[in-house]
Structure formats: C-alpha cells, structure tokens
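Subject: Structure handover

Dear colleague,

Here is the structure you asked for, with the sequence alongside. My notes on what was found in it follow below.

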Amino acid sequence: EHCKGVNGLDKVVLREVRGCSAEVYLYGGHVTSWKNEHGEELLFLSSKANFNPPKAIRGGIPICFPQFSNLGPLESHGFARNRFWSIDNDPPPFPINSSNKAFIDLILKHSEEDVKVWPHRYEYRLRITLGPGGDLMLTSRIRNMNTDGKPFSFTFAYHTYFAVTDISEVRVEGLETLDYLDNLKNRERFTEQGDAITFESEIDRIYLSTPTKIAILDHERKRTFVLRKDGLPDAVVWNPWDKKAKAMPDFGDDEYKHMLCVEAACIEKPITLKPGEEWKGRQELSAVPSSYCSGQ
Ligand code: BG6
C-alpha cells in the first residue's frame, strides 16, 4: 500500500495476515514503524522527529551509507538516509524466497549531488520484508557501477532504534567478551568484561566481529528482540543519555529512557567493491515474549 505520510512524503505500508505491519518512507529508504499483531510499536520514533528533507528522520531504521558516523569526509552517517529512494518494480532475483511475504523493493542510484562528495557510480537495492510471523528483514545489495575501472570502499549500518520501556531495565546479550571501539574515548579499543550489557549512562560503542545473533531484553515488557545479521560483522550500541539528548533538537529530553540503538554494521574493515561487484548485507529482527525474569 503506497500512500502519503508526514509532510506529504511518500510511504509504503506492509501488512501481514495476523495484523503485523511496517512503514517505509521513500525518503531515506527509512523504516519508521514496525508493529506486532497487537498493534504495539516495536521501533522508537522521536516525537520530535523531523520529516523535513534534507534532515534525517530520528528513529526507526536509518540507513548509514556510504559512511558510518563521522569516520570519513562525508556528512555523519553518509547520504543514503537523506536521499529520495524509488520503488524498484523490476529487481533482479533475490536469493531469499519472498513468496507469502509482504515486501517492497527500493533502489537508490548515484545522483549528481552524490558524485560531488563521493565520486562513484553505484546501485543500491534494498528489500524490506515483513515475514508471516511479523519478522522484519532488510536486505541490501550494493553494486559498484563505476565505468572508470575504480573500486570503491564504504562503511555501513542499519541504525536500528528499538523501543524499550525503561532503558535501565534492558540488557543486551551476545556481545560479552568482545572487543569494542569506544566512541566516547577517541575510539580506543577495549574488551567487554561484563556478563551482559546493561545501561546506566551514555554509551556509544562499536563491537567488533560479533556473533550473528544479538538479543535485546526488555524486562519491563517481558519482550526480547532478536537481531540476526549476515555480511555485517560489527554491531553498534548507542544511547545518548540525558545530556546528549538535550543537545539534540529532534529528540525529546527524556526519550533516551525509551530507546536503544543496536545496529548491524560493517565499520572496522570497510567493504571494497571492484566495478561490477556486489555486496550483500542483511538484518533480520524478531520480537518474542521474554523468558528472562530478573532474580528468578
Ligand atoms: C550512532 C553513533 O550510531 O549514531 C553516534 O555511534 C551518533 O556517535 C548517533 O551520535 C546519532 O547520529 P546522528 O547523526 O543520527 O545524530
């Protein structure tokens, strides 16, 4: 279903038989909503989110391409999140079987604007699928279309904002004992010591070479998000906490309590593609009732 969203921006709504749904804005190729069969929102979207291009939408799943954060010469998180994507009506076959699933194919190609800041030709195909159980899958295929024989390199993240009841009651499992780069300490490398990650202050880390499955446990709501990823070795964990929240104009002062970003990413070792080569990276999210009960 193709319709108009906030500020008349084009959006696509995906629906699944049991009532799960997802919303995708063509602006940014940006998933802004993912609801379970009870109509509960599973992604965080700021009440102050800006739907005014060229600003990126605060919340949902921004696409960070071709640069994660400010790790290079481009604007923070690259430009894909503030470009207008198109619906791809004739995508080349995807290896995953999408029959009986609601999905949309989007495409972004280099524009003249892009080429000025990143002198490469590319085709970026994004398939967003809502599975029969309400699972949300994002598959990216990025191809080097350069005709000058030049390779290009990029870093990437699905900057996923999960909705949580109370950040101080959340834990993340699957990143124990891993090395991470701490964005709050000049990207110095540390090793995670704790059992699971819990939150009591600002956090901004790039966990390196993580397992393909990460769990985010929302104790209050007895819900666990399971993030599975493929082709994306790293995982970013971010919460701005109170001070940074206040400094962000498109983020409510207290909203940090109700969100957590866990992002399937490829950052430490950039992806390099020769002309004609294609890279594929996938993130799959599910939300299941939690078996975790504190103190029991
Ligand atoms: C996270 C980064 O992924 O995104 C943080 O690790 C950054 O350093 C955050 O502050 C938000 O970025 P932006 O550009 O959307 O405000």
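Strand β3, residues 21-25, pairs with β4 in the antiparallel sense, and five bridges join the two. Please keep in mind that this is a predicted model. Within this pair, Glu23 sits opposite Ser33 of β4.

The β3-β4 pair belongs to an open sheet of four strands, which run in the order β1-β2-β3-β4 with antiparallel pairing. At the edges stand β1 (2-4) and β4 (30-35); each has a single partner strand, so one side of each is left without a neighbour in the sheet. From one strand to the next, the twist averages 25°. As background, the strands of a sheet pair through backbone hydrogen bonds, in either a parallel or an antiparallel way.

As for the protein chain as a whole, its secondary structure comes to two helices and 21 strands. The C-alpha atoms fill a box of roughly 60 × 45 × 35 Å along the principal axes. The radius of gyration is 18 Å, which agrees with a compact globule, because a globule of 296 residues would have a value near 19 Å.

Two further figures describe the packing. Of the 296 residues in the protein chain, 41% are buried. Among contacts with a separation of 6 or more, 65% are between residues 24 or more positions apart.

Regards

Notes. Residues are numbered from 1 along each chain as its sequence is written. This is a predicted model: local features need pLDDT of at least 70, side-chain atom pairs count only at pLDDT 80 or more; totals for chains, interfaces and linings use all residues. The radius of gyration is taken over C-alpha atoms; the globule rule is 2.2 Å times the number of residues to the power 0.38. A residue is buried if 20 or more other C-beta atoms lie within 10 Å of its own, exposed if 12 or fewer, and partly exposed in between; C-beta atoms are placed from the backbone. Two residues are in contact if their C-beta atoms, placed from the backbone, lie within 7 Å. Two strands pair if DSSP finds at least two bridges between them. Axes are lines fitted to C-alpha atoms, for helices over the stretch in contact, and angles run from 0 to 180 degrees between N-to-C directions.
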